[in-house]
Amino acid sequence: MTDERRPRLAARAAPYLLVAPAWLWLALFFVVPIATILSMSLMSGNLYEGYSLTWEFGNYAAAVGTYWEQIGRSLVYGACATVLCILIGYPCAYWIAFRGGAYKNAYLLLLLLPMFVSFVLRTISWKAFLADEGVILGTLKGIGLLPEDAYVLNSAPAVVFGLAYNFLPFMVLPVYAVLERMDHRVVEAARDLYAGPVRAFTRVVLPMSLPGVFAGVIMTFIPTSADYVNATVLGGADNTMVGKVIESQYLVNNAYPMAASITFVLMAVLLVGIFSYARALGTERVMEASTR
Amino acid sequence: MTATSAPAPAAAPAPAPARRPRRRVDWGKYFTWAVIVWLLSPIAFMIVFSFNDIKGRHNVTWQGFTLHWYADALAYPDLTRALVNSLLIALLTMVFAGLLGGLLGLALGRYTFRGQGATNLVMFSAISAPEVVMGAGLLSMFLTMNIATGFWTIVVSHVMFSVSFVAITVRARVLALDPSLEEAARDLGASAWTTFRLVTLPMLTPALMAGGLIAFVLSIDDYIITTFVSGNTSTFPLWIWGTTRVGTPPQVNVMGTLIFAVGVLLAVVNAVMARRRA
């Protein structure tokens, strides 16, 4: 009896044994930390006497009241960068998937090539490249095409383009994956049924590729709106995004409850955004497309 | 029907010559190449300016060719130490995330079990959660538990954010496996463990390697989470960040160029090998 039951028991336990280490890791270092943000955001006290949990909901009011401008700016910049990623990334993904032919993978590799350079280094490279007296602006000013006081850095467009630059692959890849798997004969069928190239695109290709765009929007909007590397390097002091506020509240000011409240507000805003977005489109589809 | 369609063939030849000379311009191709140029311009800048013979602190204008920075690549002991730290952390992350993610991916691809939906949800969250939130959470937890941040807290955090990527890569491979191969091994008398060792594992190796490579790249590139959990330990991205105020030395361009070259070389070798196998 026991001999017969043992293998069945082992077989039933197998998946749990396999997932246990990863579960433990994700629980300890992902779920617990997120919960800690919540508890820390409700603490009061100071660095020298220590902080204690006093359910200080006023922290949230203070966080939003003081930093609403940075939070709003982050969402706007993130949204602009995401739209830019669609406008730039979709045509590229479309052309490679439909016209790339034998060189599809080579083109894709060219688009992913910047990933071989560290994210911070790429951004700093842009800064040196676009410096006021640098290679581009210095040369254009030298031959009189630009006025002496022209600048690109320390402006909102510099930040948005920097964000779009760094996160473009997160839009191109999911869109490409969907377009590449698409049966290209459906486009021919549409053309055979007298749809023009525009109608064939808007009525056939675009609707079928939307899951890829949805996944791409999530994978670019979240990291761009929470990023602060681009804003700090390319945007200067007037374009601070909320990530920078969180970083300096934690690491420079050591104002932990305040820092945790801002983090929680950012997380809540993004979560509400994603849930309403996923609700409108169907959670399953968004999750499936994103984790593929 | 015939009345309306009859004139068509007769009318057709007239507009045709006007349309024929118009050659189709492949705008998509020009657009894609323009985007590629945009993507590669700061990289090209980085490479060219690693040969720039600068006198002062700011490496923004061209002042002549030199190989000096390559000869003197290790001039900053702190930069070298940061790079070594980055490589060690990335290797450890690759091993641990490969192991944990491999097991997780195997379970997700092979079995249906209670908690699968929750597992997928946590994985999806860990992939899409903003880095600044994960970094802030980890630091809050380490502070609350009085754990000093440093080398090992970086490793632990990197394993956390890369494990899901490995799991997804391995899961995809497990789902694509042909079950009859394992059944054949069992029919020929192999035990479950022997089947796994000699049949399943070799078939999963490409996915494990790909997943491990993703973990390595994610780890070596990470800036935001690392800032929160690094304490006094420096990594390559952290060190570069520290120099932005005072002027980034050309050695950073040199290191960046070398890492880029190795990465491209590996990608090309991998692509060629994949083509030969196919």
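A residue is buried if 20 or more other C-beta atoms lie within 10 Å of its own, and exposed if 12 or fewer do. The exercises below apply this to a predicted model.

**Exercise 1. Determine how many residues of helix α4 of chain A are buried, which they are, and against which helices they pack.**

Solution. Step 1: the helix spans residues 119–129 of chain A, and ten of its eleven residues are buried, which leaves the helix mostly covered.
Step 2: the buried residues are Val120(A), Leu121(A), Arg122(A), Thr123(A), Ile124(A), Ser125(A), Trp126(A), Lys127(A), Ala128(A) and Phe129(A).
Step 3: within chain A, these buried residues pack against α5 (135–142), α6 (156–181) and α9 (229–235). From chain B, they meet α4 (27–48), α13 (236–243) and α14 (250–277).

**Exercise 2. Decide whether Asp192(A) is buried or exposed.**

Solution. Step 1: locate the residue; Asp192(A) belongs to helix α7 of chain A, residues 185–192.
Step 2: Asp192(A) has 10 C-beta neighbours inside 10 Å, and therefore counts as exposed.
Step 3: as a further point of orientation, the C-alpha atom of Asp192(A) is separated by 50 Å from that of Val229(A), 37 residues away along the chain.

**Exercise 3. Describe the side of chain B that touches chain A, by element and by residue class.**

Solution. Step 1: the contact involves 69 residues of chain B and 71 residues of chain A.
Step 2: the elements of chain B giving two or more residues to this side are α4, α6 (77–110), α7 (116–128), α8 (131–144), α9 (151–176), α12 (224–229), α13 and α14.
Step 3: α4(B) supplies the largest share, 13 residues.
Step 4: sorted by class, this side of chain B holds 48 nonpolar, 18 polar and three charged residues.

**Exercise 4. Compare the UniProt "transmembrane region" records of chain B with the helix content of the model in residues 149–170 and 198–220.**

Solution. Step 1: the unreviewed UniProt entry lists residues 30–51, 87–109, 121–143, 149–170, 198–220 and 254–273 of chain B under this name.
Step 2: residues 149–170 of chain B are 91% helix and 0% strand, with end C-alpha atoms 31 Å apart.
Step 3: residues 198–220 of chain B are 100% helix and 0% strand, and their end C-alpha atoms lie 33 Å apart.

**Exercise 5. State how strands β1 and β2 of chain A are joined.**

Solution. Step 1: β1 (residues 43–46) and β2 (residues 50–53) of chain A run antiparallel and are joined by four bridges.
Step 2: a hairpin of three residues connects β1(A) to β2(A).
Step 3: across the pair, Gly45(A) stands opposite Tyr51(A) of β2(A).

Terms used
Residues are numbered from 1 along each chain as its sequence is written. Chains are lettered from A and ligands numbered from 1 in the order in which they are written. This is a predicted model: local features need pLDDT of at least 70, side-chain atom pairs count only at pLDDT 80 or more; totals for chains, interfaces and linings use all residues. Two residues are in contact if their C-beta atoms, placed from the backbone, lie within 7 Å. UniProt positions are given in the numbering used here, feature names are shortened, and annotations may be inferred rather than shown by experiment. Ala, Val, Leu, Ile, Met, Phe, Trp, Tyr, Cys and Pro count as nonpolar, Asp, Glu, Lys and Arg as charged, and the others, Gly among them, as polar. Two strands pair if DSSP finds at least two bridges between them.
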